[in-house]
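Subject: Structure for your review

Dear colleague,

Please find below the structure that I am handing over to you.

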Amino acid sequence: MQPRPPADEPRRAEEFLELYASCEQRLYAYIVTLIANPVDARDILQDTALVLWQKYDQFDRERPFFIWAREFARYRTLRYRQIHANDAPTLEPEALHAVAARLADADSARDQLLTNALPDCIDSLSET
């Protein structure tokens, strides 16, 4: 991938912020589901946002941003759990992976449902 010229930086930042803002609450819900601590989830979300920005040039615009971001959130959550392993009892890594997979499947099913419903919604609109 070619590096972007410096003049393109404001547009890059704006594009990233739009994409991130569109899924920030879903990412937070995903993280808090995995660790069950809202305060720690906010910290992980901030850490995830920083990493997403740092890696944004690697984002494949053919993929949904949320799917890409969710993977970073999952890895940041795993890292957090490793660092804080002795703080409190938590799910085993295998259980965490299972929960993460279930959440990913639910997101995919939800997205498919919305995609399937879109043509009917459009058909129900008046010409004006």
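Accessible areas come from the Shrake-Rupley method with a 1.4 Å probe. On that basis, the chain exposes about 8800 Å², and carbon and sulfur atoms supply 56% of this area. Please bear in mind that this is a predicted model.

As to the overall fold, the chain has four helices and zero strands, so its elements read α-α-α-α from the N terminus on. The chain has 128 residues, of which 30% are buried. Among contacts in the chain with a separation of 6 or more, 63% join residues 24 or more positions apart.

In soluble globular proteins, nonpolar side chains tend to be buried together. Here, the largest nonpolar core comprises 26 residues. Those with the most contacts inside this core are Tyr 20, Leu 27, Ile 31, Leu 52, Phe 65 and Trp 68. Helix 1, helix 2 (38-54) and helix 3 (65-83) are the elements that each give two or more residues to the core. Helix 1 gives the most, namely nine residues.

Which residues does Tyr 20 touch, leaving aside those up to four places away in sequence? They are Leu 27, Leu 45, Ala 49, Leu 52 and Phe 65.

Finally, I draw your attention to Leu 34, which lies in helix 1 (residues 9-35). Leu 34 counts as buried because its relative accessibility is 4%, and buried means under 20%. Although Leu 34 and Val 99 are 65 residues apart in sequence, their C-alpha atoms are 7.2 Å apart in space.

Yours sincerely,
A colleague

Key
Residues numbered from 1 in each chain as written. Predicted model: local features only at pLDDT ≥ 70, side-chain atom pairs only at ≥ 80, totals over all residues. Heavy atoms only, no water. Buried < 20%, exposed > 50% of the residue type's maximum accessible area, 1.4 Å probe, protein only. Contact = heavy atoms within 4.5 Å. Core = buried A, V, L, I, M, F, W, Y, C linked by side-chain atoms within 4.5 Å.
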